[in-house]
Each structure stands twice: as structure tokens, then as C-alpha cells.
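Subject: Structure handover

Hello,

Here is the structure I promised to pass on. Please open it first, then read my notes below.

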Amino acid sequence: MTKIATRSVKPSAVIGFELFPEYGYCRGRDTVTVVAGMDIGSVVQLSGGKYVGVNAAAVAALDADVRIIIDPEITSLATGDQTVTTLKVGPAGVARGGLKFLDTLTTAQINTVAAALEAKNIRVLATV
């Protein structure tokens with residue numbers, strides 16, 4: 001298999017824009033409970049002092065501290081608690097179609113997640 005066929009999602013497929021990316025203004029290094037299948041664009045929420053992936057069941061009680069994994073190393077990390085780079089605050093914009101969840105969410109649930117991100121000044125941009 002070619003290397004390109006196994007490449008993870010690139011941050012540019014998720015991040016539309018962010019303020020001062022060269023300084024990491026909108027980014028953070030956080031402890032995330034990594035699970036199989038996580039990739040760039042995975043949405044995580046604060047739970048018990050660390051970040052965990054968002055699934056359909058968690059949306060009803062979504063924590064206000066929602067972040068998006070943007071670390072290119074995410075696919076090579078072992079499962080369990082790892083320190084990864086996340087998009088933590090805006091001004092920033094992300095592609096709605098680039099967001100990833102642990103399972104399938106309805107449009108209404110994705111809208112709830114988008115509202116939580118937009119409350120942190122991270123605009124969720126429509127993708128075509």
C-alpha cells in the first residue's frame with residue numbers, strides 16, 4: 001500500500017482559519033483519552049480532568065469545554081491518556097464536514113456541538 005493511501009487527515013482539511021497559528025494562540029496541549037479511530041478533527045470534551053471523545057449519548061450533557069484534535073501524531077499514539085494538540089479557542093473556523101465523532105450523530109446533535117464550539121469563538125463553517 002502506498003504511503004499516501006495510509007495518511008491521516010491533514011489539519012488543513014479541518015481548520016479553515018485561526019488567529020496567530022504561528023504562535024499557537026488558539027491551540028492547547030491537553031490530556032486526551034485516545035481511542036482507536038481518533039483522527040484530526042475528532043471532537044473531545046472535558047470529563048474528569050481530561051478530554052474524551054464525543055459520542056451521540058454524550059451530546060445531551062455536553063460539557064462547555066469542547067475542543068478539536070488537530071495533532072498530526074494522533075493516529076500514531078497508543079490508546080489511553082496522551083498529551084495532544086487541540087484547537088481550544090477562537091477566533092478560528094473549522095469545516096463542519098471535517099469534524100469527527102466516536103459514533104454517528106444526527107444533524108441536531110451536530111448543531112448542538114457546533115453551538116458549543118461557536119460559544120468559544122470557533123466558527124463551524126458549512127462545507128460543500
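Does Y23 count as buried or exposed? Y23 counts as exposed, because its relative accessibility is 67% and the cut-off for exposed is over 50%. Y23 sits in the loop between β1 (15-18) and β2 (27-34). Together with F20 and Y25, Y23 forms a nonpolar patch on the surface. The accessible area of the three together is about 390 Å².

A word on confidence. This is a predicted model. The chain has a mean pLDDT of 90, and 93% of its residues reach 70 or more.

Now look at strand β5 (residues 66-69). Both of its faces are covered. V66 and I68 are buried on one side, R67 and I69 on the other. Strand β3 (residues 43-47) runs antiparallel to β5, and three bridges join them. There, R67 in β5 is the bridge partner of V44. Strand β6 (residues 80-87) also pairs with β5 in the antiparallel sense, over two bridges. In that pairing, I68 has L87 in β6 as its bridge partner.

Next, the open sheet. Three strands make it up, in the order β1-β7-β8, with mixed pairing. β1 and β8 (122-125) are the edge strands, since each pairs on one side only. On average, neighbouring strands of this sheet are turned by 15° against each other, direction ignored. β8 and strand β7 (residues 92-95) pair in the parallel sense over four bridges. A92 stands opposite I122 in β8.

Last, the salt bridges. The count comes to six. Here are three of them.

- E18 and R27: the closest N and O atoms are 2.6 Å apart. E18 counts as buried because its relative accessibility is 12%. R27, at 30%, counts as partly exposed.
- D81 and K50: the closest N and O atoms are 3.0 Å apart. This pair links distant parts of the chain, with D81 in strand β6 and K50 in strand β4 (residues 50-53), 31 residues apart. D81 is partly exposed at 42% relative accessibility. K50 is partly exposed too, with a relative accessible area of 27%.
- D65 and R67: the closest N and O atoms are 3.1 Å apart. D65 is buried at 17% relative accessibility. R67 is buried, with a relative accessible area of 11%.

D65 and R67 also belong to a network of salt bridges that links them with D30 and K120.

Best wishes

Note on methods. Residues numbered from 1 in each chain as written. Predicted model: local features only at pLDDT ≥ 70, side-chain atom pairs only at ≥ 80, totals over all residues. Heavy atoms only, no water. Buried < 20%, exposed > 50% of the residue type's maximum accessible area, 1.4 Å probe, protein only. Pairing = 2+ DSSP bridges. Patch = residues over 30% accessible without salt bridge, like charges linked within 9 Å, V, L, I, M, F, W, Y side chains within 5 Å. Areas by Shrake-Rupley, 256 points an atom, 1.4 Å probe, with all protein chains shown as cover. Salt bridge = Lys/Arg side-chain N within 4 Å of Asp/Glu carboxyl O. Axes fitted to C-alpha atoms, helices over the stretch in contact; angles between N-to-C directions. pLDDT = per-residue confidence, 0-100.
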